[in-house]
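The following paragraphs lead through selected features of a predicted model. Please keep the sequence and the structure in view while reading.

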Amino acid sequence: MIDASRMTAFVARYKIYIIDEVHMLSKNAFNALLKTLEEPAEGVKFVLATTEVNKVPVTVLSRCQRFDLRRIPAEKLADHFARVVEAEGVSAEPEALGLIARAAEGSARDGLSILDQAIAHADMEGGQVNAAAVRDMLGLSDRGAIRDMMALLLAGDALGALAALRRQYDLGVDPLGVLRGLLETVHATTLVKLGAAAEAGQATEERAALEAWSGTLSFAALHRLWQLLLKGHEEVGRAALPIEACEMALLRLVHASTLPDPGELARMIQNGAPPVVATPVAPAPAPALSEPAAAAMPQSIEAIVTLLESVGQLALASRLVHHASMISIVDVELVLSSSRPLPSDLIGELGASLKQITGRMWRITTAPTVGAPTIREAEAARREAFKAEILATPVIAAALEAFPDASLPETEIDRLLAAQRSMSA
């Protein structure tokens, strides 16, 4: 190749040399190619392709223009495969093409290879490329079965969940595939809770189930489900008994579903109440809001906190009390100050909650300007002003002057402040 590259092209303007998986070249081969790459002949182009660029010597990389190819979205792959099967005169279900696109993981080449296998299976069976055949071919779990299993897990039905797992296993589905399907379901539920658009080609039943779970599961609960399933996936991947390890992972998840939320448990302990484990119930869609409730828009951070507390979202309300510094609020447009760091998920969680409660899509943004004090800061400022007012009264001032080492207990200040508020109310 090095010798041939020195000669000019006879029929075309350029001679193109494509070296696929270039990282497989030996060190001596790279050294031999280096001189040619430094001073290529006129009209000669080299294309070096690799999936492991870290194995290519720096001396070679420094003499090349680098183009990192991105993964192709599953929606675009599915559209491309639809055009391919149309050109080939093959009938295929959109759901089947979606399964192939997701299995390709962003690679058009891998996806076309899978599609070619699916077409061959369809020709053998004398029918179209359908979703059931693609699932069998790829060893994927049925998405409807995964939704049923997720409902059983959230309801705390251990025996039902294990029976559903065994049914999938008997059909030839790999335990890792089941856990992967559950992980995808938790991820999709989280996106729906954030208000993301529906996935292309998503079934109506699947969208309804995701919306129901997003209305009943908090972000903390979804995060806990994700972590438990991810841990189970890792354990099953290296287990000597995969199906048994998968069953134990699901049992751990069922047990966790019956435990109270950590934030709620902390509040119970703080209030002196014994923690009560709630009886698990199957998730149901959030009730529809009436028009008057949806029309009542809070117009201050205090009003938003009160609204969140009224529907039991105490953890989110507490985060607003401590972190939210408001710049402005007009109807459903809220601007918070980012002059001090905000929790990374606060804006997304607040927007999703307000959409669910008020029935309208909120636009929450940040600006680097200084906003109003947080509710916590305002409370602290009022307390300090009240304390200074008490210490300035003649009786207290005289007592402190007579007894310099004396001090007014902080608990007494809190009690007097509470009494003042109750009288004002």
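Ile18 lies in strand S1, which spans residues 15-19. Is this residue buried or exposed? Its relative accessibility is 61%, so Ile18 counts as exposed, the cut-off for that class being over 50%. Together with Tyr14, Ile16 and Val47, Ile18 makes a nonpolar surface patch of about 390 Å².

The next topic is the packing of helices. Helix H5 (residues 94-104) packs with helix H7 (residues 131-138); their axes are 8 Å apart and form an angle of about 25°. Because angles under 35 degrees count as roughly parallel, H5 and H7 are roughly parallel to each other. The crossing of these two helices, H5 and H7, is right-handed.

Within H5, the buried residues are Ala96, Leu97, Gly98, Leu99, Ile100, Ala101 and Ala104. As background, an α-helix has 3.6 residues a turn, so residues three or four places apart point the same way. After H5 comes Glu105, which has a positive phi, near 55°.

A second pair is formed by helix H16 (residues 301-310) and helix H18 (residues 346-358), whose axes come within 11 Å and cross at roughly 70°. That angle makes H16 roughly perpendicular to H18, since this class covers 65 to 115 degrees. As for handedness, the crossing of H16 and H18 is left-handed, whereas that of H5 and H7 is right-handed.

Technical notes: Residues are numbered from 1 along each chain as its sequence is written. This is a predicted model: local features need pLDDT of at least 70, side-chain atom pairs count only at pLDDT 80 or more; totals for chains, interfaces and linings use all residues. Side-chain values use heavy atoms; hydrogens and water are left out. Patches are made of residues with over 30% relative accessible area and no salt bridge: like charges are joined within 9 Å, nonpolar side chains (Val, Leu, Ile, Met, Phe, Trp, Tyr) within 5 Å. Accessible areas come from the Shrake-Rupley method with a 1.4 Å probe; for residues, only the protein chains shown count as cover. A salt bridge is a side-chain nitrogen of Lys or Arg within 4 Å of a carboxyl oxygen of Asp or Glu. Helices (H or I, at least four residues) and strands (E, at least two) are DSSP runs, numbered from the N terminus. Buried means under 20% relative accessible area, exposed over 50%, partly exposed in between (1.4 Å probe, protein chains only). Axes are lines fitted to C-alpha atoms, for helices over the stretch in contact, and angles run from 0 to 180 degrees between N-to-C directions. Angles under 35 degrees count as roughly parallel, over 145 as roughly antiparallel, 65 to 115 as roughly perpendicular and the rest as oblique. A crossing is left-handed if the near helix is turned anticlockwise from the far one by less than a right angle, and right-handed if clockwise.
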